Amino acid sequence: MKLIIAIINRDDANSVTRALSKKGFSSTRLSTTGGFLMAGNVTLLIGLEEGKVQEAMDLIREHSHSRKQMIPATTDLSVGGYPPVNVEVTVGGATIFVVDVDRYEHF
């Protein structure tokens, strides 16, 4: 048994969960916040058999997209009295952890 922990951009979360559900994968959805941009994410917990991991990861990859976003730099990043400028960062996509499950019980 495996557990996928998938941290997904909020903009992609509905598409990912619909695709997983359509293929028979159950998931638990948690609202989370990223530490860098303090932006909304969704963390999915997906318990599944080892042989299904790649299929689930392929679905997540297909429905999660990275994108460019401009964010204002903080005043801490300004140099020599010049005003801070906007910085382009890549956001979105998915961060996935796959972990072994030693024991599973359902009551």
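This is a predicted model: local features need pLDDT of at least 70, side-chain atom pairs count only at pLDDT 80 or more; totals for chains, interfaces and linings use all residues.
Q: Which residue in β3 is the bridge partner of Arg-29?
A: Residues are numbered from 1 along each chain as its sequence is written, and side-chain values use heavy atoms, leaving out hydrogens and water. Now to the strands: β2 and β3 run antiparallel and are joined by 6 bridges. Look in β3 for the partner of Arg-29 and you land on Leu-44.

Q: In what order do the elements of the protein chain run from the N terminus on?
A: Helices (H or I, at least four residues) and strands (E, at least two) are DSSP runs, numbered from the N terminus. The protein chain has 2 helices and 6 strands. Starting at the N terminus, the elements go β-α-β-β-α-β-β-β.

Q: What is the strand order of the open sheet of 4 strands?
A: Two strands pair if DSSP finds at least two bridges between them. β1 is joined to β3 by 8 bridges and to β6 by 7, with Ile-8 partnered by Val-42 of β3 and Ile-5 by Phe-97 of β6. β2 (28-33) and β6 each pair on one side only, making them the edge strands. With antiparallel pairing, the order comes out as β2-β3-β1-β6.

Q: How many of the 9 residues of β3 are buried?
A: Buried means under 20% relative accessible area, exposed over 50%, and partly exposed in between (1.4 Å probe, protein chains only). Over the protein chain's 107 residues, 29% count as buried. β3 is largely enclosed by the rest of the structure, because its buried residues number 7.

Q: What is the relative accessible area of Leu-45?
A: Leu-45 sits in strand β3. Contact means heavy atoms within 4.5 Å, and, not counting residues up to four places away in sequence, Leu-45 touches several residues, including Leu-3, Ile-5 and Leu-30. Ser-27 is 18 residues away along the chain, yet its C-alpha atom is 5.5 Å from that of Leu-45. Leu-45 still counts as partly exposed, with a relative accessible area of 29%.

Q: Why are the buried residues of α2 on the same side, and what arc do they cover?
A: Val-53, Ala-56, Met-57, Leu-59 and Ile-60 are the buried ones in α2. The arc is taken from the directions from the helix axis to the C-beta atoms. They sit on the same side of α2 because the arc they cover around the axis is only 160°.

Q: Which exposed residues lie on the other side of α2?
A: The buried residues of α2 pack against β1 (2-9), α1, β3 (40-48) and β6 (94-100). On the other side, the exposed residues are Arg-61 and Glu-62.

Q: At roughly what angle do the axes of α1 and α2 cross?
A: Axes are lines fitted to C-alpha atoms, for helices over the stretch in contact, and angles run from 0 to 180 degrees between N-to-C directions. The axes of α1 (residues 10-22) and α2 (residues 53-63) come within 9 Å of each other. Among the residues making the contact are Val-16 and Leu-20 of α1 and Leu-59 and His-63 of α2. The crossing angle is roughly 145°.
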